[in-house]
Amino acid sequence: MEFKKTIELRHSVRHFLKQPIKNEKINSILDVVNNCPSAGNLQSYKIYLIKKQDVKKELAAAALDQEFIAQAPIVMVFCAKQEECAAKYGARGKNLYSLQDATIAASYAQLAAADLNIGTVWVGAFDSEKVKSVLRTSYLPVAIIPMGYYSEKSFLRERKQKSQIVEEI
Ligand SMILES: Cc1cc2nc3c(=O)[nH]c(=O)nc-3n(C[C@H](O)[C@H](O)[C@H](O)COP(=O)(O)O)c2cc1C
């Protein structure tokens, strides 16, 4: 798909069809993610790929009962490996770079999915400790990204004027 078209197509999807996502599509999304920039090329993030229904339900519960998480055939949780990044970059690596690495990775995943007509939504409202416990990880969860096919045809997208988000100095 043309780049601009992919960007326009990406929007938050919160109703997913039951249709499964083939492994080759998941791999293609992960290939894109694996090409994204990261501080010092450390890739200080970990992606948990969840297909099991009971785990998806636990994640939904840990995310303020956002039930659509459990309806998505695939959920990816992007976590920051803070200590790994801190080993090279100290506090800045721990508190900024590793979170940015995970954020960029999640963002690329959303675009790669959109390019395959797979819908996603960024879920940031969750209890970090509960998500860590569901995943049995010590890494910091940054974003939960449910993924799936969708049937909606149109969506509203209001944005600020560019002059409100940009200042030339
Ligand atoms: C950091 C962040 C946190 C978000 N958290 C949630 C969330 O917990 N639940 C949800 O339904 N959408 C969440 N969203 C999605 C936004 O609501 C959505 O991106 C925004 O309304 C713009 O719509 P669009 O994605 O269709 O362009 C989040 C988005 C971001 C970037």
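Two strands are taken as paired if DSSP finds at least two bridges between them. In the predicted model, strand S3 (residues 119-120) meets this criterion with strand S4, to which S3 is joined by two bridges in an antiparallel arrangement. Within this pairing, Thr 120 has Met 147 of S4 as its bridge partner.

Strand S4 (residues 140-148) is also paired with strand S2 (residues 74-80). Seven bridges connect S2 and S4, and these strands likewise run antiparallel. In this pairing, Phe 78 lies opposite Ala 143 of S4. Eight of the nine residues of S4 are buried, so the strand is largely enclosed by the rest of the structure.

Helix H6 spans residues 128-135, and its buried residues are Val 131, Lys 132, Val 134 and Leu 135. These residues lie on the same side of H6, because the arc that they cover around the axis is only 160°. Glu 129 and Ser 133, by contrast, are exposed on the other side of the helix. The packing partners of the buried H6 residues comprise both strands and a helix: strand S1 (45-50), helix H3 (53-62), S2 and S4.

At its start, a side-chain oxygen of Asp 127 comes to within 3.0 Å of the backbone nitrogen of Glu 129. The residue that follows H6 is Arg 136, which has a positive phi, near 55°.

Definitions and conventions. Residues are numbered from 1 along each chain as its sequence is written. This is a predicted model: local features need pLDDT of at least 70, side-chain atom pairs count only at pLDDT 80 or more; totals for chains, interfaces and linings use all residues. Side-chain values use heavy atoms; hydrogens and water are left out. Buried means under 20% relative accessible area, exposed over 50%, partly exposed in between (1.4 Å probe, protein chains only). Helices (H or I, at least four residues) and strands (E, at least two) are DSSP runs, numbered from the N terminus. The arc is that of the directions from the helix axis to the C-beta atoms. Contact means heavy atoms within 4.5 Å. A polar contact is a pair of N or O atoms within 3.5 Å; within protein, one must be able to donate a hydrogen and the other to accept it, and residues adjacent in sequence count only if both atoms are side-chain atoms.
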